[in-house]
Amino acid sequence: MGLLVDGKWQDKWYDTKSTGGDFKREEAQLRNWITADGEAGPSGRAGFPAELGRYHLYVSLACPWAHRTLIFRKLKGLEDHISVSVVSPDMLENGWTFDREAHSTGDHLYQSEFLHQIYTRNHSTYTGRVTVPILWDKQQECIVSNESSEIIRMLNSAFDHLTGNQLDFYPESLRGEIDAINPFIYDTINNGVYRCGFATTQDKYQEAYHKLFDALDDVEQRLSEQRYLVGDAPTEADWRLFTTLIRFDNVYHGHFKCNRQRLEDYPNISNYVRDLFQFKDVNDTVDMFHIKRHYYYSHANINPTQVVPVGPNIDYHAPHDRGLL
Ligand SMILES: N[C@@H](CCC(=O)N[C@@H](CS)C(=O)NCC(=O)O)C(=O)O
C-alpha cells in the first residue's frame, strides 16, 4: 500500500497520526466527465464524448467503490462497449498490481505491472494515492475520472442515445432525495466501515462504530416501510449502499471490527441485500474470493498472518420477502 509523490512510488500506509487516529479518505483528483456530446460535465474539461469502444475501466473486484462501476456497466448494457482490466486482490508494497499469477487479468491496454503506472502514464509527476476505479480514455490515452460516484452518473445516462438502454437510476423526480441520502450513507456506512477498520485509537474506532450501527438501525427502519431507499425501484442510492452491505458479514464484521451484529441479524437489511443481489445479473459482479482475499491478505497490519477465514457461509441466492412491500 502506498502512493505516488512527484511520480515516484512510495510504500506508505495511511497517515492517521495527523488526524488523532481517524482515517480520512483522500478526495479523488481526476474529475472529468464523459457526456453525450463531449461538452464539459459538472467538473473538469470537455472532450470526452460518449463513444462505444473508446473507454476502459481499471477495477478491483474486491473494492466497493469499483464494484459500483461494474454494476452500472452491467445494468446499462455497456459490457460490450467499455472494456475492463482487473487488478490482483493482493495490494501490498507495490499497491495494486496486474500480477496474473495472483488473479489479475493483466493490463489489457499497456501490459503494465502496476496500477501506479497508469497514473503516471496520465501525468508523469502525479502526487496522490493510486486508487481504483479508473475510467480511461483509449483515444486520448488519459484518465477521465477516478471518482466512482461520478463514473456511475456518467454510465447512467451518457451512452443512452447509443445503446438505447433507458434504465434510469438517477431519475429527475428523485434527485433531491437521492442527493440527500447519499452523503449520510457515505459518511456513516460506506466510509464508516473503513473508519472503524483503519482507526488507530480506541476513541476514533468507537466513534465510527456507533455512527455506523446507528445508521444501519435507521436504514433497517426505513426498509421496514419501503422496498428501496428511495422510490419504488432501485436507484443509485441503493447500488452505492449495496456494495458495502454485500461485503459486511464476510469482511467488515470481523476484519474491520464492525461486530455489534451481523447484517444477517437485521430482518429487513438481510432481505434487501438479497433483493439487490438477485436484481437482473448483478450477482455476476460479486466475487467473494477477490473480496475476502483482498482485505484479509493485504492489510497485514490488521491481519499479520494473512490467513483468510473460511466462513461465514451466507446464501445470497436464497428467496427474499421484499416483494411484499
Ligand atoms: N473516491 C474514490 C475512492 C476509491 C478508493 O479509495 N479505492 C480504494 C480501494 S477499495 C483504493 O484503491 N485504495 C488504495 C489506496 O488508498 O492506496 C472512489 O469512490 O472512486
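Begin with the cysteines: across the whole structure, 0 disulfides are found, a disulfide being a pair of cysteine sulfur atoms within 2.5 Å. Select Cys-196, which takes part in no disulfide; its nearest cysteine sulfur belongs to Cys-258, 4.0 Å away. Cys-196 is buried at 2% relative accessibility, where buried means under 20% relative accessible area, exposed over 50% and partly exposed in between (1.4 Å probe, protein chains only). Cys-258 is likewise buried, at a relative accessible area of 0%.

The model is predicted, with local features requiring pLDDT of at least 70 and side-chain atom pairs pLDDT 80 or more, while totals for chains, interfaces and linings use all residues. Residues are numbered from 1 along each chain as its sequence is written, and side-chain values use heavy atoms, without hydrogens and water.

Next, select the ligand and the residues around it. The ligand is surrounded by 17 residues (each with a heavy atom within 4 Å); the closest are Tyr-14, Arg-25, Trp-96, Glu-147 and Ser-148. By class, this shell holds 10 nonpolar, 4 polar and 3 charged residues.

Now display the polar contacts, pairs of N or O atoms within 3.5 Å. At Ser-148, a side-chain N or O atom is 2.6 Å from an oxygen atom of the ligand. At Glu-147, a polar side-chain atom lies 2.8 Å from a ligand nitrogen atom. At Val-132, select the backbone: an N or O atom there is 3.0 Å from a nitrogen atom of the ligand. The ligand alone exposes 510 Å², of which the protein buries 93% (Shrake-Rupley method, 1.4 Å probe).

Note on methods
Polar contact = N/O pair within 3.5 Å; in protein donor to acceptor, adjacent residues only side chain to side chain. Nonpolar A, V, L, I, M, F, W, Y, C, P; charged D, E, K, R; others polar.
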